[in-house]
Amino acid sequence: MDARGGHHRDDEGDEEAAAAGAGADGGATAPLLAGVAPLGYSGHRRSHAGDLHVLSAAFLFIFSAYCAAQNLQSSVNTEGDLGTVSMGILYTSFTLFAVTASPVVTWLGSKRALVVGTSGYVIFILANLVPTWYTMVPASLYLGFSASIIWVGQGTYLTSAALSHARDNNLPEGQTLGNFNGEFWGMFASTQVIGNLISLALLRDGKDGGSVMGKNLLFVVFLGCMIVGIVLMCLLSKRDEKGNTAPTHSSFGAMMKYIVAPLKDRRMILIIPLIAYSGLQAAFVWAVFTKNIVTPVLGVSGVGGAMAIYGAADAVCALVAGRLTSGLHSATSIVSVGAILHAVVLFWLLLFYSPMGGLLGAAVPLFIGALWGVGDGVLHTQLSALLGLLFEDVKEAAFAQWRVWQSGAIAVIFFLSPNITLQAMLILMAIALIISFGSFLLLTLVVEKPSTTRS
């Protein structure tokens with residue numbers, strides 16, 4: 001019944017009983033995947049960490065397919081820039097729907113929202129089997145809606161699980177949120193490795209240099225991955241906290257007031273530039289790096305290998321950064337490392353890079369992808385943990401703001417990339433990095449006492 005997103009009842013208090021008897025799966029896997037006490041087993045039912053493992057595995061299957069498909073859009077669906085324009089439409093839709101995603105998630109409950117949100121990804125993969133303007137554009141519009149639901153649901157569900165785990169086990173909330181986000185984003189970053197290795201194995205450049213062989217088989221395999229992910233999503237425990245401050249809204253005005261509440265907080269205003277940059281840098285990899293850096297050297301079939309290395313670096317960094325997170329001060333140091341690496345890559349590409357032949361020339365795009373992946377892993381773990389800590393009382397609205405600004409920035413890159421030069425794009429990225437990092441440093445000064453000291 002949850003999988004169909006049925007009528008919402010205020011019965012979240014039954015969560016504990018509903019999860020009883022599932023402890024064997026969560027408890028057995030928790031020590032293996034987590035390896036540390038904060039993610040341990042809680043006894044008679046599936047632990048909060050057990051739900052984290054299921055959630056991470058579901059996203060691993062769904063986004064192994066989607067992320068690899070997304071990486072190929074600017075290289076495979078090239079007629080009339082169909083792939084790039086479709087991605088721009090997708091993220092514009094994502095931006096618009098993310099504005100109202102938080103009350104939808106509150107009404108559905110985070111588990112139902114996660115299940116409903118998967119539908120758009122399946123339709124998008126199906127559209128790629130017959131890629132025309134009449135299939136890709138509607139699929140992209142609908143995926144924008146479903147993506148807003150699944151990502152706000154993910155942030156809400158993960159934060160709720162982490163905070164519940166911290167309170168049940170008398171652990172520091174900041175450290176626990178860092179651990180949970182580190183595992184999730186580490187697993188999520190692995191999607192770039194798995195999906196792109198599948199792409200590398202199945203795609204072949206055509207003899208004429210223009211066509212690509214094996215594309216339909218690739219998308220059928222991706223469809224199978226998504227089905228497995230949806231089944232796992234349905235196995236999640238219901239997890240919506242009692243006492244939600246805004247379960248329903250009596251009017252449109254009340255709903256909008258709840259949605260924009262985080263914008264009245266100067267901490268959100270100061271973190272928004274970094275959120276926007278996280279979208280810019282992600283879209284830069286998908287739309288610019290793959291087309292202008294990888295494809296000229298390695299060909300379309302080499303995109304999968306380059307993105308797999310990017311994903312591996314991203315995954316390792318996300319896991320390490322999550323373990324090192326203890327509060328705002330530690331997050332500042334970690335984000336600084338990622339910002340420096342991105343700055344090095346941008347200025348290197350801007351001032352010194354030119355495509356080369358031979359083994360060294362082939363290695364350069366792989367090295368660039370690895371450095372960029374480290375920065376991406378840093379940004380996602382730290383943003384997710386900080387939003388969960390700083391905006392615990394309005395976490396659905398806070399995560400909706402994250403997706404609004406991030407997806408809006410992604411849409412900008414997809415629409416701009418076919419129309420401006422690589423040099424102009426690099427300058428834009430460098431300016432955005434400087435502004436966003438400066439604003440984040442100001443945030444550390446504004447917050448007098450890190451909220452993560454609570455335990």
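Which residues of the largest nonpolar core touch the most other members?

## Nonpolar cores

In this predicted model, the residues in question are Phe59, Tyr66, Tyr91, Tyr121, Trp151 and Met233, within a core of 123 residues. Helix H11 (residues 266-298) supplies the largest share of this core, 18 residues. A second, separate core has 7 residues, among them Ala101, Leu108, Ile149 and Ala400. A nonpolar core is a set of buried Ala, Val, Leu, Ile, Met, Phe, Trp, Tyr and Cys residues joined through side-chain atoms within 4.5 Å; buried means under 20% relative accessible area, exposed over 50%, and partly exposed in between (1.4 Å probe, protein chains only).

Beyond its neighbours within four places in sequence, Tyr121 is in contact (heavy atoms within 4.5 Å) with residues including Phe63, Tyr66, Trp151 and Met226.

## Helix H3

Helices are DSSP runs of H or I, at least four residues long, numbered from the N terminus. In H3, 28 of the 29 residues are buried.

## Asn170

Asn170 lies in the loop between helix H7 (133-168) and helix H8 (173-202). Although not a glycine, Asn170 has a positive phi of about 55 degrees. Asn170 counts as exposed because its relative accessibility is 63%.

## Basis of the values

Residues are numbered from 1 along each chain as its sequence is written, and side-chain values use heavy atoms, leaving out hydrogens and water. Local features need pLDDT of at least 70 and side-chain atom pairs count only at pLDDT 80 or more, whereas totals for chains, interfaces and linings use all residues.

Technical notes:
Helix = DSSP H or I, 4+ residues; strand = E, 2+ residues; numbered from the N terminus.
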